[in-house]
Amino acid sequence: MTDTIAHFFPLSTKEGWSRFVSDDPPRPPKITHAQRQAQSKSNREQYDTARRQFMSGGIVRTPVFNKILQSASSRLRMNEFKYTGKLGLIVSGAPALGKTTTVTQIGKLHTLRRQHQEHPAGQPGSIPVVYITVPPACGPKAMIAEFAEFFGLPTNGRISQSTLLNTVSQVMARVRTELVIVDEIHNLNVNYRMSADASDALKQLSEKCAATFIYAGVNVESSGLLDGARGQQISSRFELHRVAPFSDRSTKHRDEWQAVLLDLEETLCLTRQRDGDILAHSARLFADTGGSIGRLVDTLHRAALDAIDNRTERLTFASDTTMRAKRAPALAAAS
Ligand SMILES: Nc1ncnc2c1ncn2[C@@H]1O[C@H](COP(=O)(O)OP(=O)(O)O)[C@@H](O)[C@H]1O
Ligand SMILES: [Mg+2]
C-alpha cells in the first residue's frame, strides 16, 4: 500500500527523490528459452514484470555521461569547503538526448556515495541532493517555492520571497544539501523580466548555501540565460556541457554507438537474443533514430516488449520497406 502511494510522489519531492535513489531492481536471472517455456503462468508474469522493471531502469554509461559525471564529481570536491566562488555545471542539448537521465544519475550516485562513506550528508535525516524543475513562465518567488515544495515546506501566498529564501537555505544547511539539480532551466528565458528575476533568485540561493548547482535544459545557449551581463556572470561560474546525438562519421563514433547498443541489449533480458546479435541492426537503428539515445531506447523497449508478447524473445525489426510503407501515410496525414 505504502509502495503504491509512494509511487505518486514526483522526482521533484524529497519522497520521490528518495525512492528514485533507493530503487535498484535486480537483473532477473538469465534463463534459457526452454526454461522460459516451462514457466508456469504466474512465474511467467513475475519474470516479465521483473524484466520490464530492470529494462526501464537500465542506464548505460555513454562517453558524454562519463564526462559530465567526472566533471560533476570534481566540482563537488572543489566546492566542498568553499563559501564563495563555487563553480557549477550546465548540461545543454536538444530534447531526448539524455540530459535529465545524466543529471539525475549524478545526483543518485552522489547520494549513494555519501551513504556508503557514512558521511554526515549520507546519514538518515540528511538530504544531500535536491532535484527541481523550473516551471514555465516562473517568477522569483515561484522559483524558490519549487525548493520549498521539494522539502514539503508550506508556501502559502502571504510568505515573502526573502522569508521563503531564508527558510529554504536554512533547511538546506540543516539537511546538509551538497548538490542542487535544476532541470528544465530553458524555461528561464531571461528576456522576460520575471524570468530574469527568477534567475537572480537562484543565484541568491546559491550564495546562501554550500551546494554545487547543476542546470540542465534544452539548448540553454539560445534561451537567453547566458546573454548580457547577467548571462556572462553565469557563464563564468558554470562549465557548459553540450550533449549531441551519436554520430556515424568515424570508426571511433561508430564504435561508441555499437558499445551503447551492446549495453542496451544486455538490459532487455530476452531469452533468445544472443549477446551481440543487435549489431546486425546497428546501421538501421542509427538511421531510424538519428543517433538520439532517447529514440533508440524507445525503439528497443518497444521491440523487446513485442518480442516478449509474441514469444519470439529476440529483437526483430520490420523490414525497411514495411517501415517506409507505415511511415508514408503518417507523414501524409501530418502534412
Ligand atoms: N544513459 C542512458 N541510458 C539509458 N537510457 C537513457 C540514457 N539516457 C537517456 N535514456 C533514455 O532516453 C529517454 C530520454 O532521456 P532524457 O534524459 O529524458 O532526455 P532529455 O532530458 O535530454 O530530454 C529517457 O527516458 C531514457 O529512457
Ligand atoms: Mg529532460
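1. The radius of gyration of this protein, which is taken over C-alpha atoms, is 22 Å, and this agrees with the value near 20 Å that a compact globule of 335 residues would have. The globule rule behind that comparison is 2.2 Å times the number of residues to the power 0.38. Along the principal axes, the C-alpha atoms fill a box of roughly 65 × 45 × 40 Å.

2. A word on the model and its numbering belongs here. This is a predicted model, in which local features need pLDDT of at least 70 and side-chain atom pairs count only at pLDDT 80 or more, while totals for chains, interfaces and linings use all residues. Residues are numbered from 1 along each chain as its sequence is written, and chains are lettered from A and ligands numbered from 1 in the order in which they are written.

3. The protein has 14 helices and five strands, where helices (H or I, at least four residues) and strands (E, at least two) are DSSP runs numbered from the N terminus. Buried residues make up 30% of the 335 residues; a residue is buried if 20 or more other C-beta atoms lie within 10 Å of its own, exposed if 12 or fewer, and partly exposed in between, with the C-beta atoms placed from the backbone. Two residues are in contact if their C-beta atoms, placed from the backbone, lie within 7 Å, and among contacts between residues at least 6 apart in sequence, 72% join residues at least 24 apart.

4. The chain is divided into domain 1 (31-60 + 253-334) and domain 2 (63-243), with bounds that come from an automatic or database domain assignment. The centres of the two domains, taken over C-alpha atoms, are separated by 35 Å. Six residues from domain 1 and six residues from domain 2 take part in the contact, and on the domain 1 side helix α13 (residues 293-309) gives the most, with three residues. That side of domain 1 has two nonpolar, two polar and two charged residues, where Ala, Val, Leu, Ile, Met, Phe, Trp, Tyr, Cys and Pro count as nonpolar, Asp, Glu, Lys and Arg as charged, and the others, Gly among them, as polar.

5. Ligand 1 has 15 residues around it, of which Gly 98, Lys 99, Thr 100, Thr 101 and Gly 294 come nearest; a residue is near a molecule if its C-beta atom, placed from the backbone, lies within 6 Å of it. Both domains take part in this shell, since at least three residues are drawn from each of domain 1 and domain 2. Helices α6 (99-117) and α13 each supply at least two residues, and by class the shell has eight nonpolar, six polar and one charged residues.

6. The largest nonpolar core holds 47 residues, and Val 130, Ile 144, Ile 181, Val 182, Ile 185, Ile 214 and Tyr 215 touch the most other members. A nonpolar core is a set of buried Ala, Val, Leu, Ile, Met, Phe, Trp, Tyr and Cys residues joined through C-beta atoms within 7 Å. Leaving aside neighbours within four places in sequence, Ile 181 is in contact with residues including Val 103, Val 129, Val 130 and Ile 214.

7. His 110, in helix α6, is buried because 23 other C-beta atoms lie within 10 Å. Beyond its neighbours within four places in sequence, His 110 is in contact with Leu 76, Pro 128, Val 129 and Leu 179. The C-alpha atoms of His 110 and Pro 128 are 7.9 Å apart, although the two residues are 18 residues apart in sequence.

8. Pro 128 is also a contact of Arg 176, as are Pro 120, Ala 121 and Ser 126, again leaving aside neighbours within four places in sequence. Arg 176 lies in the loop between α8 (161-174) and β3, and counts as partly exposed because it has 18 C-beta neighbours inside 10 Å.

9. Ala 96, in the loop between β1 (88-93) and α6, has a phi near 65°, a positive value in a residue other than glycine. Glu 184, in the loop between β3 (179-183) and α9 (193-208), has a positive phi of about 60° although it is not a glycine. Ala 96 counts as partly exposed because it has 19 C-beta neighbours inside 10 Å, and Glu 184 counts as partly exposed with 19 such neighbours.
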